Amino acid sequence: MYIKRAQEKDRDASEILIKENAGLVHGAVRRFVGRGLEYDDLFQIGSMGMLKAILNFDFTMNVKFSTYAVHMIIGEIRRVLRDNSMIKVSRGIRETAIGLIRIKQELEAKLNREITVQELAEKAEMPACDVVFALDALTPAVSLNEHCGGDESSGGEIGDMITGDSGEGMIEAIALHEVLSRLSERDRTIIEMRYFQGKTQSEIAVLLGTSQVQISRFEKKALAALKVMMLQ
C-alpha cells in the first residue's frame with residue numbers, strides 16, 4: 001500500500017499519493033483564494049499538508065484517509081496564513097485576541113455563564129466579525145477524534161459525521177465541523193439537535209428547559225456566527 005510505503009520513506013510512493021490526491025488539495029485551496037497568497041503558493045502549502053497527512057496517518061483511526069488529509073491540508077494552509085507576515089496576521093491581531101479572551105473570562109466570571117460572540121463584541125466595542133477573526137488567530141486545529149458535543153455522551157466523533165471520499169462537499173463539511181466546535185456549548189447543542197438530529201425548536205426547548213422563542217433566538221445567533229466563521 002502506498003501510504004505504508006511512504007511512511008517508510010519511499011519518496012516515489014509519496015509523490016504518487018500527492019499526485020493522485022491533487023483534487024483534494026485544489027478543493028481546499030479554493031476556500032482560501034484572495035487571502036493574500038497566490039493560488040500556486042497555496043497549492044504548494046496544501047501539498048505540504050497532504051504530505052503531513054500521508055506521513056502521520058494512523059490506520060487504527062476510524063476515519064478515511066481522504067477525510068484526514070483534507071483536515072490536515074486546511075490546517076496547514078490556515079497555519080501559514082496566520083503566521084505569514086505577507087497577509088498581516090500581525091502581533092496586533094494576536095494582542096487583540098488575548099485582550100478579548102481576558103474580557104471574555106472576566107465577563108463570564110461575573111455572569112456565571114458562557115457569553116455569546118455578540119455579547120463579547122458589545123463589551124469590547126468591536127464588530128462581531130472582527131471579534132471572530134481575532135479569536136480565530138489563536139484557535140487550534142480540531143481533532144477528528146473529538147466528540148462534537150464536547151464529550152463522549154453528547155454525540156459521535158467529528159470524523160464519523162463527515163461522509164464522502166472527496167470533492168467540495170466533504171471539504172465544506174470538514175470546515176463546518178471545525179467552526180461548529182467554536183460555538184458555546186449551548187449553541188453547539190442547539191445546532192446539532194436542529195440540523196444533525198432533525199429536532200424541532202419546540203422539542204429542543206423541552207429538552208433544554210426553555211421556551212421555543214428562546215431557542216429560535218439562540219439558533220439565529222448561532223447560525224449568524226457560523227456564517228461569519230465559515231468566511232474566515
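Reader: Before we look at Tyr195 in helix 10, what are helices taken to be here?

Author: Helices are DSSP runs of H or I with at least four residues, and they are numbered from the N terminus. Tyr195 belongs to helix 10, which covers residues 185-195. Please note that this is a predicted model.

Reader: How many helices and strands are there in the protein?

Author: The protein has 12 helices and 0 strands. Its pattern along the sequence is accordingly written α-α-α-α-α-α-α-α-α-α-α-α.

Reader: Back to Tyr195. Is it buried, exposed or partly exposed?

Author: Tyr195 has 46% relative accessibility, so it counts as partly exposed; that class lies between under 20% for buried and over 50% for exposed.

Reader: Which residues make the nonpolar surface patch?

Author: Tyr195 makes it together with Phe196 and Leu223, and the patch spans about 270 Å².

Reader: Which residues have the most contacts inside the largest nonpolar core?

Author: They are Leu42, Met50, Phe65, Ile73 and Ile77, in a core of 29 residues. At least two residues of this core come from each of helix 1, helix 2, helix 3 (22-29), helix 4 (39-56) and helix 5 (65-83). Helix 5 contributes the most, with 9 residues.

Reader: What does Ile73 touch, not counting residues up to four places away in sequence?

Author: With those neighbours left out, Ile73 touches Leu24, Val25, Ala28, Gly46, Gly49 and Met50.

Reader: What share of the contacts with a separation of 6 or more is between residues 24 or more positions apart?

Author: Such pairs account for 59% of those contacts in the protein.

Reader: New topic: loops. Where is Lys9 found?

Author: Lys9 is in the loop between helix 1 (2-7) and helix 2 (11-20). Its phi is near 75 degrees, a positive value in a residue other than glycine. Lys9 is exposed, because its relative accessible area is 69% and the exposed class begins over 50%.

Reader: And where is Asn112 found?

Author: Asn112 lies in the loop between helix 6 (91-111) and helix 7 (117-124). Although Asn112 is not a glycine, its phi is positive, at about 60 degrees. Asn112 has a relative accessible area of 70% and is therefore exposed.

Methods
Residues are numbered from 1 along each chain as its sequence is written. This is a predicted model: local features need pLDDT of at least 70, side-chain atom pairs count only at pLDDT 80 or more; totals for chains, interfaces and linings use all residues. Side-chain values use heavy atoms; hydrogens and water are left out. Contact means heavy atoms within 4.5 Å. Patches are made of residues with over 30% relative accessible area and no salt bridge: like charges are joined within 9 Å, nonpolar side chains (Val, Leu, Ile, Met, Phe, Trp, Tyr) within 5 Å. Accessible areas come from the Shrake-Rupley method with a 1.4 Å probe; for residues, only the protein chains shown count as cover. A salt bridge is a side-chain nitrogen of Lys or Arg within 4 Å of a carboxyl oxygen of Asp or Glu. Buried means under 20% relative accessible area, exposed over 50%, partly exposed in between (1.4 Å probe, protein chains only). A nonpolar core is a set of buried Ala, Val, Leu, Ile, Met, Phe, Trp, Tyr and Cys residues joined through side-chain atoms within 4.5 Å.
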